[in-house]
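Please open the model in your viewer and keep the selection panel at hand.

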Amino acid sequence: MADINEKRQLDLFKRLVETDSPSYNERQVADLVKAELASMGISCDEDGAGASLNGNTGNIFARIEGDVDAPALLFSSHMDTVEPSHGKKFVQGEDGIIRSDGTTVLGADDFAGVCSLLEAVHVIRENNLPHRTIELLFTPAEEVFCGGAEYFDYSRLQAKEAYVFDLDGDIGTACIAAPTIIKYTINFKGKSAHAGFASHLGVHAIKAASAAVCAIECGQVDEETTVNIGVISGGKATNIVPDECQIIGEVRSFNHEKALQKAAEIKLVAEAEAAKIGASIEYSSTCNTVAYSHSEDSSVCTRFVSACRALGIEPKLEPSFGGSDNNSFAANGVTGVVCSTAMYDCHTTAEWCKVEELHKSARLALQLMLSKE
């Protein structure tokens, strides 16, 4: 089988890394992706997700018609990076590790995925290799709960199975299950009063919130569910009994119904604790991702395993407690797995990428695209 062009992939990765692309502002990377596709004679289009997100970039979608009698496959990566991301530097060490200069993230999440998919397509086009129909989707705002993927029109897809190149770790790992993630906000409402002259007339919202925080079970509450309270704020001055306090948290569970139940329980606990001192609450929640789980015997998994073994890579199928665009795909009837793409210590300024694994990622993408299974 024709091999990838390692220098071309690395050069593209460098260009991507050194292009600013924070969530909602992926314009420059989107234009780079479009230009790369055009250089291969591949037409693509951009939808209106950017406007819906109050951003400047939509989903980039392309279909490469195949000549092999096998079902179409979708390959996807996202175009945004977490902060701090402005002015990212590509610093390659003699040890084969690529890092930033330490003041920003590197952006291997998810430019390692983007360059791997584009390099695989390059190889197919320049060698005129027979392949199934390949669909490519590059999304914006994935880091803010899969914003772009939520606005994509899934009726456009021929593919019913997907490979999402957006997972940390060595190549060969694939995520086959991910959780429902519910974000909740609770506003505790009390009554203000002067803390010195009339504290007895006040209703202490922070005390109500504190009691709720102590009563809400946090951490891993069972084998498939976690609860967290991540933000608490309230009060205006030391001489005022606070009339407002807010807590923000999340629930994650591999069981969607259990996640909904746990969020409802949190609301009841907050109401009960607030009522004990005469306070009230306003509760709201958002389901940011919906859980999915795929059998290791499904074709999307067995194809992945075969592709890895053909490259001498030991496959590893496992669940992940993080969300990705694949949650949106699953909710829209697309069975997918999330593939590792040589990114490490993601979402930190210590993020790094291993050159050898980066090239393996492109080879795996190519193997999947050419698979006849």
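Helices (H or I, at least four residues) and strands (E, at least two) are DSSP runs, numbered from the N terminus. This is a predicted model, in which local features need pLDDT of at least 70 and side-chain atom pairs count only at pLDDT 80 or more, while totals for chains, interfaces and linings use all residues. Residues are numbered from 1 along each chain as its sequence is written, and side-chain values use heavy atoms, with hydrogens and water left out.

**Stop 1: α1 against α4**

Select residues 6–17, which form helix α1, together with residues 108–126, which form helix α4; the two pack at an angle of about 140 degrees, with their axes 9 Å apart. Here the axes are lines fitted to C-alpha atoms, for helices over the stretch in contact, and angles run from 0 to 180 degrees between N-to-C directions. The crossing of α1 past α4 is right-handed; a crossing is left-handed if the near helix is turned anticlockwise from the far one by less than a right angle, and right-handed if clockwise.

Now show the side chains at this contact, where contact means heavy atoms within 4.5 Å. From α1, the residues R8, Q9, L12, F13, L16 and V17 take part, and they meet a set in α4 that includes A108, F111, C115, L118, H122 and E126. By class, this contact of α1 with α4 has 11 nonpolar, three polar and three charged residues, where Ala, Val, Leu, Ile, Met, Phe, Trp, Tyr, Cys and Pro count as nonpolar, Asp, Glu, Lys and Arg as charged, and the others, Gly among them, as polar.

While α4 is selected, look at D110, which is placed in this helix. The peptide bond that leads from D109 to D110 is cis, with omega near 15 degrees.

**Stop 2: α4 against α10**

As α4 passes α10, the crossing is right-handed. On the α4 side the contact includes A112, C115, A120 and I124, and on the α10 side it includes L358, A362, L366 and M369. The residues of this contact of α4 with α10 divide into 13 nonpolar, two polar and one charged.

**Stop 3: the nonpolar cores**

A nonpolar core is a set of buried Ala, Val, Leu, Ile, Met, Phe, Trp, Tyr and Cys residues joined through side-chain atoms within 4.5 Å, with buried meaning under 20% relative accessible area, exposed over 50%, and partly exposed in between (1.4 Å probe, protein chains only). Select F13, L37, F75, L136, F138, Y163 and M369, the residues with the most contacts inside the largest such core, which has 65 residues. The element that gives the most to this core is α4, with 11 residues. Centre on L37 and, leaving aside neighbours within four places in sequence, you will find L37 in contact with I42, C44, I60, A62, L118 and L136. There is also a second, separate core of 23 residues, with A209, V227, A274 and I281 among them.

**Stop 4: buried or exposed?**

Which residues does H131 touch, not counting residues up to four places away in sequence? They are I64, E65, G66, D67, V68, I124, M369 and L370. H131 sits in the loop between α4 and β6 (134–139), and is buried, with a relative accessible area of 7%.

Next select A51 in helix α3 (residues 49–52); A51 counts as exposed, at 64% relative accessibility.

Then move to S192, in the loop between β9 (180–189) and β10 (193–194), which is partly exposed, with a relative accessible area of 39%. Leaving aside its neighbours within four places in sequence, S192 is in contact with I240, V241 and D243.

**Stop 5: backbone details**

In the loop between β3 (73–78) and β4 (91–92), pick P84; the peptide bond from E83 to P84 is cis, with omega near -5 degrees.

Finally, go to the loop between β6 and α5 (147–150) and select A141, which has a positive phi of about 55 degrees although it is not a glycine. A141 is buried, with a relative accessible area of 1%. C146 is placed in the loop between β6 and α5, and its phi is near 60 degrees, a positive value in a residue other than glycine. At 2% relative accessibility, C146 counts as buried.
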